[in-house]
Amino acid sequence: MDQNLVYSKTPAGEEAIRQRTRVVQRNLRMVLILVDGKAPVGELSAKVGNAQLVEQSLQELERDGFIAPASAGSSVWVQSTSAQHSVHAADPGSMAPAEPLLESEKSFLQASLAGGGEEGTEDTRPEEPPVAPSLPPVKKENKAVNLNVIDFSRWRNYLPRPGVIGLGALLLAIGAIWASFGVPEQRYRHLLAEAVGQVLGQAVEVGELHLGWAGQPALVAGSIKAGNGGMSLEEVALVPQWSSLLSRHPLCKRVEVRRANLPVVATAGLHALGDKLGGGGQGARIVLHEVTLGLGSVDLPGRWSVDSQGGPEGQTLITNTDRSLRATIAASSAGVTVAWQGVNWQPDPALRWKLDQVDGQALISSAPSGAMLVTLSKLDVLALDGRWRGEGRLQLNGEKLMLDGRLALRHMAGARFSELLGRSRIALQGSYSADLAVRAEGRDWAALWAGLSYEGSISAGKGEVASLDLLQAVRAGVGPFSRGGATTFDSLEGRIRRDPKNIQLSGLALQSGLASATGRLSIEGESKLEGIFDVQLRGSANRLRAQVQLSGTVADPQLRRLR
């Protein structure tokens, strides 16, 4: 990390200082407190005495939006938002008082500054209560605020008035020199078209470039589009390497894209694209916001953010809007590898459930038929009060999605297991396990989930099936219907099969003390029940066998003894 780089807090960072719950890790909070927009990275490392801790903390705080390079400012797309924050923050009555530091944070920060973070250093200075920064009174005027004007007012804290005037004159001089030489539009358009085309392997069209602002002077392109229409980037801002501005081979150090539509596999090439745009070394950092990611002929649900340098070396980081899922993507000899982790993630609005925790790995490649093939080598999920592990394949052939795989389910509560039976469910109690073969087909994600079918074995320990009392039906004798009650069991085994229209449970075997039952049942459509059971009651002197018929609906099941 550049030791001369200076960071300052963003509005989110200032808010995190006032609301302690935003940054709860002590090391991160300590470094966030030290960031003041003046001290470079080297000075912060000297204060703390642990350069590695400081650099890692600064990178994480920058990634989460709490700090930003003091020289970079805000991007062209958040200028108006930042200006609104500045105007709002100038009113003392609108600011919430800063929360005082915890005693543990005081002592930890003082010890780090006094002794370089080493053990055995004692700070005997008396603790002073933190004082919230005071703001000068602002005279409110009823006039419109131009949010597109760059606010240099905060620089007055660091430069005297002549310095501000001199800085303004310098910027005007730079602009005049830039205008006299002309914006190197053609060279940068050629650089973009050539670099993006090499990564994607197809022709690329780059829109007109003009001078803009992305925290510093930048070249802004209206759009970049691939030849087959599978990729498009809008509002592309290129921050050039000033030393190469007038050379024959201009370079970039950062690229920001506000809106984009591109295939998932293309994100694996962003790191290589950054190397081409940046001329090797660390390469240019490419950051995309509000991205629609495509997988074959369908789009992944939701919007995503993409960072070419957010993951480990050579890997691109993508995150969804609420940051409940993070994935790293990299190119390999076999295709494109994807690894993801999520917490409280809802894969698709069409699904009713959220996954409490998910960890997975997959390889995206081409099948011999030419279709895109996603091979899921690892899936470990905590959901519905149970644990799921599985593997499978997703094939995208034209406009058709085909899924097949295997899932092993363990220790799911009966109430949640009944949700797998769809909207027409039987009330269950107990702990259930299953080994299932899964298949689905559809034109999009919603149709894929709606067409989900599975088949396999199920088992359960001690539990209960509500509203079905097999023993009561036997005792009632032949003929009359019986309702209500419950059938308890010590163990249950059988097979389950579900398709979009029906659910079938076959080969069922229940054991409960001196009673046992075998049989089958099915749920047709939304709720219609049909089934037959052979029930045995063993006594000390005799054994009773009876056949019981199941009918009615899930809401009103009926049992009747046939013989």
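These notebook entries record what I looked up in the structure, which is a predicted model.

**Entry 1: helix α1**

I began with helix α1, residues 11-18, and asked which of its residues are buried. They are Gly13, Ala16, Ile17 and Arg18. I then looked for what covers these buried residues, and found that the cover includes β1 (7-9) and α2 (26-34). I kept in mind that an α-helix has 3.6 residues a turn, so residues three or four places apart point the same way.

**Entry 2: nonpolar cores**

I next examined the largest nonpolar core, which holds 96 residues. Within this core, Leu277 and Leu288 touch the most other members. Domain 2 (183-343) and domain 3 (448-561) each contribute at least three residues to this core. I noted another core lying apart from it, made of 18 residues, among them Leu32, Val41, Val48 and Val54. In soluble globular proteins, nonpolar side chains tend to be buried together.

I listed the contacts of Leu277, setting aside neighbours within four places in sequence. Leu277 is in contact with Leu191, Leu192, Ala195, Leu251, Cys252 and Val255, and also with Ala284 and Ile286.

I checked two single residues. Thr267 belongs to helix α9, residues 264-267. Its relative accessibility is 0%, and Thr267 therefore counts as buried, the cut-off being under 20%. Not counting residues up to four places away in sequence, Thr267 touches Leu262, Leu293, Val306, Thr316 and Ile329.

Val206 is located in strand β3, residues 204-206. Val206 also counts as buried, because its relative accessibility is 7%. With residues up to four places away in sequence left out, I found Val206 touching Arg189, Leu192, Ala193, Ser223 and Ile224. I also looked up the separation of Val206 and Tyr188: they are 18 residues apart in sequence, and their C-alpha atoms are 9.6 Å apart in space.

**Entry 4**

I followed the pairing from β11 onward. Strand β11 (residues 316-320) pairs with strand β12 (residues 325-332) in the antiparallel sense, over 4 bridges. Thr319 has Arg326 in β12 as its bridge partner. The hairpin of β11 and β12 has 4 residues between the strands, and in this hairpin Arg323 takes a positive phi near 60°.

β12 also pairs with strand β13 (residues 335-345), again in the antiparallel sense, over 8 bridges. Here the bridge partner of Ser332 is Gly335 in β13. The hairpin formed by β12 and β13 has 2 residues between the strands.

**Entry 3: the open sheet**

I traced an open sheet of 3 strands, in the order β18-β21-β23, with antiparallel pairing. Its edge strands are β18 (428-429) and β23 (486-489), each of which pairs on one side only. β18 is joined to strand β21 (residues 463-466) by 2 bridges, and the two run antiparallel. Leu428 stands opposite Val465 in β21.

**Entry 4: cavities**

How many cavities of 30 Å³ or more does a search of the whole structure find? I recorded 3. The largest cavity holds about 240 Å³ of space. Its lining consists of 17 residues, and those nearest its centre are Val465, Leu492, Leu505, Leu508 and Leu521.

I then asked which strands supply the lining of the largest cavity. β24 (491-498) and β25 (502-512) each give at least two residues. β25 gives the most, with 3 residues.

Definitions and conventions. Residues are numbered from 1 along each chain as its sequence is written. This is a predicted model: local features need pLDDT of at least 70, side-chain atom pairs count only at pLDDT 80 or more; totals for chains, interfaces and linings use all residues. Side-chain values use heavy atoms; hydrogens and water are left out. Buried means under 20% relative accessible area, exposed over 50%, partly exposed in between (1.4 Å probe, protein chains only). Contact means heavy atoms within 4.5 Å. Two strands pair if DSSP finds at least two bridges between them. A nonpolar core is a set of buried Ala, Val, Leu, Ile, Met, Phe, Trp, Tyr and Cys residues joined through side-chain atoms within 4.5 Å. Domain bounds come from an automatic or database domain assignment. On a 1 Å grid over the protein atoms alone, a cavity is a set of points where a 1.4 Å probe fits but cannot get out, and a pocket is an open set with protein on both sides within 12 Å along at least five of seven lines; lining residues have an atom within 4 Å of a point. Grid points are joined across faces, edges and corners, and a volume is the space filled by probe spheres set on the points.
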